[in-house]
Amino acid sequence: MFMTEELAKIAQAMVAPGKGILAADESSGTIKKRFDSIGVTSTEDSRRDYREMLFRADDAMQNYVSGVILYDETIRQKAKDGTTLVDVMKAAGSIPGIKVDTGAKALAGRNASIEAVTEGLDGLRERLAEYHQLGARFAKWRAVITITDSLPSWNCVKANAHALARYAALCQEAGIVPIVEPEVLMDGAHAGHTIERCYEVTEWTQRVVFQELYDAGVALEGMVLKPNMVIAGQKCAKQASPEQVAELTVKCLKSTVPSAVPGIAFLSGGQSDEQATQNLSLINEIGDLPWKVTFSYGRALQAAALKAWGGKAENVAAGQSAFTHRAKMNSLAALGQWKQ
Ligand code: 13P
């Protein structure tokens, strides 16, 4: 059993002032979709080249990125010169992390076409031991909750929260800090998905998650929460202002997240790059928060870099500079200092 103090130290480093997390843990299916959008074939080499470009962006990695969430393939991969990608990011002072869930699968029952439960608990203890050996010091597990007029169901919220808690306890046993990610989705076609509805579902989900974490004996000091912001669904005609998003997000988290949790690192969830930055900055500008509040963005950190790179070796510098720019803007936002 690892000491909570060691876990707490890692968790604090993950949310150090002005730093946040790069989510680069796209599964092979998801990264293929991203590469399709720029007309690049997804191969082991192209995935390696793209991610090596990001991890070698020294300014971003040293100054704005505390840690990187990797996918199973990447944590085992070597850079072109033979150095492991883990060593590349460690040399820049960034902590390696690993996605350990095996994806959201249809939750059996009458809402199976809509609701999902995240899988990956079987054999997780053994996989975590190996990932720790490979250098991972934190992990991620993402649960997804879909909003409709009548959903989520209690069954869906409970099943996902329970799995998150079992995952988190296994991580801590292995000396790995769990990122606990219950994502209330903002995409989807549902028109009644207002910011108020998102608040209601996010508050409920967080409450159930923290009850399950308590029941599983998870040390809150040694975890990081990765929630959605409280925001209207993308298809909702009534969109909330950034100020309202910040206000309701803080209100919701203050009412559900114990202050023993060292940090909250948001997902971007389909927000535009600038929207994700602005909302994070406004949240921090409210101030007087009991936890560090930062980013753990995938798309909002990578979209511009992916486009600038376009799969071409001659564009690596442009890709790195696009990534560094977003990382720097989000670093300012994590300090509540970003201005339009
Ligand atoms: P996005 O920021 O693109 O939502 O991805 C973050 C993430 O890790 C989702 O699990």
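Alanine 265 has threonine 294 as its bridge partner in strand S10. Strands here are DSSP runs of type E with at least two residues, helices are runs of type H or I with at least four, and both are numbered from the N terminus. This is a predicted model, in which local features need pLDDT of at least 70, side-chain atom pairs count only at pLDDT 80 or more, and totals for chains, interfaces and linings use all residues. Residues are numbered from 1 along each chain as its sequence is written.

Stay with S10. Strand S9 (residues 263-266) runs parallel to S10, and four bridges join them. Two strands count as paired if DSSP finds at least two bridges between them. S1 also runs parallel to S10, joined by two bridges. There, leucine 22 stands opposite tyrosine 297 of S10.

Is S10 enclosed or open? Six of its six residues are buried, so S10 is largely enclosed by the rest of the structure. Buried means that 20 or more other C-beta atoms lie within 10 Å of the residue's own; 12 or fewer makes a residue exposed, anything in between partly exposed, and C-beta atoms are placed from the backbone. Lys292, Thr294 and Ser296 point one way from S10. Val293, Phe295 and Tyr297 point the other way.

Eight of them close into a barrel, in the order S1-S2-S3-S6-S7-S8-S9-S10, with parallel pairing. Strand S3 (residues 95-99) meets strand S6 (residues 138-145) through three bridges. Isoleucine 98 has alanine 139 as its bridge partner in S6. S6 then pairs with S7 over eight bridges, again in the parallel sense. Valine 144 has glutamate 183 as its partner in S7.

S7 (residues 177-184) is mostly covered, with eight of its eight residues buried. Val177, Ile179, Glu181 and Glu183 point one way. Pro178, Val180, Pro182 and Val184 point the other way.

Ala139, Val177 and Met223 have the most contacts inside the largest nonpolar core, which has 102 residues. Such a core is a set of buried Ala, Val, Leu, Ile, Met, Phe, Trp, Tyr and Cys residues joined through C-beta atoms within 7 Å. Helix H8 (residues 154-173) gives the most to this core, with nine residues. Look at valine 177 itself. Two residues are in contact if their C-beta atoms, placed from the backbone, lie within 7 Å.

Next comes the ligand. Which residues surround it? They are Ala23, Arg142, Glu181, Leu267, Ser268, Gly269, Tyr297, Gly298, Arg299 and Ala300. A residue is near a molecule if its C-beta atom, placed from the backbone, lies within 6 Å of it. This shell divides into four nonpolar, three polar and three charged residues. Ala, Val, Leu, Ile, Met, Phe, Trp, Tyr, Cys and Pro count as nonpolar, Asp, Glu, Lys and Arg as charged, and the others, Gly among them, as polar.

Ala300 also belongs to helix H12 (residues 299-309), where the buried residues are Ala300, Leu301, Gln302, Ala305, Leu306, Ala308 and Trp309. The buried residues of H12 pack against several elements, including strand S1 (20-23), helix H2 (28-36), helix H11 (273-286) and strand S10 (292-297). Glycine 310 follows H12, and its phi is positive, near 60°.

Histidine 325 sits in helix H13. Histidine 325 is partly exposed, with 16 other C-beta atoms within 10 Å. Its C-alpha atom is separated by 30 Å from that of glycine 222, 103 residues apart along the chain. Glutamine 244 sits in helix H10 (residues 242-256). Glutamine 244 also counts as partly exposed, having 15 C-beta neighbours inside 10 Å. The C-alpha atoms of glutamine 244 and asparagine 279 are separated by 9.4 Å, and these residues are 35 apart along the chain.

Finally, the whole chain. Its secondary structure comes to 13 helices and ten strands. The radius of gyration is 19 Å, close to the 20 Å that the globule rule gives for 340 residues, so the chain is as compact as a globular protein of that length. That radius is taken over C-alpha atoms, and the rule is 2.2 Å times the number of residues to the power 0.38. Along the principal axes, the C-alpha atoms fill a box of roughly 50 × 45 × 40 Å. Buried residues make up 49% of the 340 residues. Of the contacts with a separation of 6 or more, 81% are between residues 24 or more positions apart.
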